Amino acid sequence: MPLSMMKCGEPGIIKKIGGRDDTRRFLENLGFVAGGTVTVVSDIGGNVIVNVKDARVAIGRDMANKILV
């Protein structure tokens with residue numbers, strides 16, 4: 001399921017990063033890599049705040065839909 005559908009507080013394992021090459025590279029630079037753990041902190045106004053690799057990252061819903069957990 002996409003990252004945007006996860007409930008707050010539950011951890012998930014990243015299965016796949018979708019999108020074009022530049023989008024995947026951008027997300028990988030933020031720490032979203034296959035096999036990594038991600039936890040949704042909050043979901044406010046279409047933006048998703050997540051914990052990934054001991055850092056909090058805010059991404060838009062369109063980017064969150066490209067990350068499958």
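Tutor: Start with Ser 42, which lies in strand 3. A strand here is a DSSP run of E, at least two residues, numbered from the N terminus. This is a predicted model, where local features need pLDDT of at least 70, side-chain atom pairs count only at pLDDT 80 or more, and totals for chains, interfaces and linings use all residues. Residues are numbered from 1 along each chain as its sequence is written, and side-chain values use heavy atoms, with hydrogens and water left out.

Student: Is Ser 42 buried or exposed?

Tutor: Buried means under 20% relative accessible area, exposed over 50%, and partly exposed in between (1.4 Å probe, protein chains only). Ser 42 has 16% relative accessibility, so Ser 42 counts as buried.

Student: Which residues does Ser 42 touch, not counting residues up to four places away in sequence?

Tutor: Contact means heavy atoms within 4.5 Å. By that rule, Ser 42 touches Cys 8, Asn 47, Val 48 and Ile 49.

Student: What is the strand order in the open sheet of four strands?

Tutor: Strands pair if DSSP finds at least two bridges between them. Strand 1 and strand 3 (residues 37-44) are joined by three bridges and run antiparallel. Within that pair, Pro 11 stands opposite Thr 39. The pairing in the sheet is antiparallel, and the order is 1-3-4-5.

Student: Why is one side of strand 1 and of strand 5 left without a neighbour in the sheet?

Tutor: Look at the ends of the order. Strand 1 (11-13) and strand 5 (55-60) stand at the edges, so each has a single partner strand.

Student: How far apart in space are Ile 17 and Ala 64, C-alpha to C-alpha?

Tutor: Ile 17 sits in strand 2 (residues 16-17). Its relative accessible area is 10%, so Ile 17 is buried. Ile 17 and Ala 64 are 47 residues apart in sequence, yet their C-alpha distance in space is 9.6 Å.
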